[in-house]
Amino acid sequence: IFEFRKIIGDREKCKSLVPKDYPVYINKTEEHADCQIHDGFFISPLEHLVPGILPPEAVKARFQFIVPKRWQKNRPVCIHLAGTGDHV
């Protein structure tokens, strides 16, 4: 854990810990008049880097990805990460 702390404390080294093609899964997509809401999850990269350090509830990171259908210049998004899995 102490050695890993040295890596995670360095921003440049942290960038290489999670590959750009890290798997993310979408469970459900809701269509709304003004946006799409995607419910999904991914396995916390920390579980692969330091196995067993996370409580079981935190291994699967759940999220909502909200994407508007219309935008002006830059495409805005909102990512809502769940604090724990106990409210699902």
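Analyst: The questions below go from the whole chain to single residues, and the model they refer to is a predicted one.

User: What pattern of helices and strands does the protein chain follow along the sequence?

Analyst: The chain has 4 helices and 4 strands. In sequence order the pattern reads α-α-β-β-α-α-β-β.

User: Why is the protein chain called more spread out than a compact globule?

Analyst: For 88 residues the globule rule gives 12 Å, while the radius of gyration of the chain is 16 Å. That value is well over the rule, so the chain is more spread out than a compact globule. Along the principal axes, the C-alpha trace spans about 50 × 35 × 20 Å.

User: How many of the residues count as buried, and what supplies the exposed area?

Analyst: Of the 88 residues, 19% count as buried. The chain exposes about 7,100 Å², and 58% of that area comes from carbon and sulfur atoms.

User: What makes Cys35 buried?

Analyst: The relative accessible area of Cys35 is 12%. Buried means under 20%, so Cys35 at 12% is buried.

User: Why is Cys14 called partly exposed?

Analyst: Cys14 has a relative accessible area of 26%. Partly exposed covers the range between the buried cut-off of under 20% and the exposed cut-off of over 50%. A value of 26% falls in that range, so Cys14 is partly exposed. On the subject of cysteines, a search of the whole structure finds 0 disulfides.

User: Where is Val50, and how do you know whether Val50 is buried or exposed?

Analyst: Val50 sits in the loop between α3 and α4. Its relative accessible area is 14%. Since the limit for buried is under 20%, Val50 is therefore buried.

User: Which residues is Val50 in contact with, leaving aside its neighbours within four places in sequence?

Analyst: Those residues are Ile1 and Phe4. In sequence, Val50 and Ile1 are 49 residues apart, yet their C-alpha atoms are 7.5 Å apart in space.

User: What makes Pro51 count as exposed?

Analyst: Pro51 has 62% relative accessibility. Exposed means over 50%, so Pro51 counts as exposed. Pro51 is also placed in the loop between α3 (45-49) and α4.

User: Why is Glu57 called partly exposed?

Analyst: The relative accessible area of Glu57 is 48%. Exposed needs over 50% and buried needs under 20%. The C-alpha atoms of Glu57 and Ser16 are 25 Å apart, and the two residues are 41 residues apart along the chain.

User: How many charged side chains does the protein chain have?

Analyst: There are 13 positive and 11 negative side chains. The centres of these two sets lie 7 Å apart.

Conventions. Residues are numbered from 1 along each chain as its sequence is written. This is a predicted model: local features need pLDDT of at least 70, side-chain atom pairs count only at pLDDT 80 or more; totals for chains, interfaces and linings use all residues. Side-chain values use heavy atoms; hydrogens and water are left out. Helices (H or I, at least four residues) and strands (E, at least two) are DSSP runs, numbered from the N terminus. The radius of gyration is taken over C-alpha atoms; the globule rule is 2.2 Å times the number of residues to the power 0.38. Buried means under 20% relative accessible area, exposed over 50%, partly exposed in between (1.4 Å probe, protein chains only). Accessible areas come from the Shrake-Rupley method with a 1.4 Å probe; for residues, only the protein chains shown count as cover. Lys and Arg count as positive and Asp and Glu as negative; His and the chain ends are not counted. The place of a charge is taken as NZ of Lys, CZ of Arg, CG of Asp or CD of Glu. A disulfide is a pair of cysteine sulfur atoms within 2.5 Å. Contact means heavy atoms within 4.5 Å.
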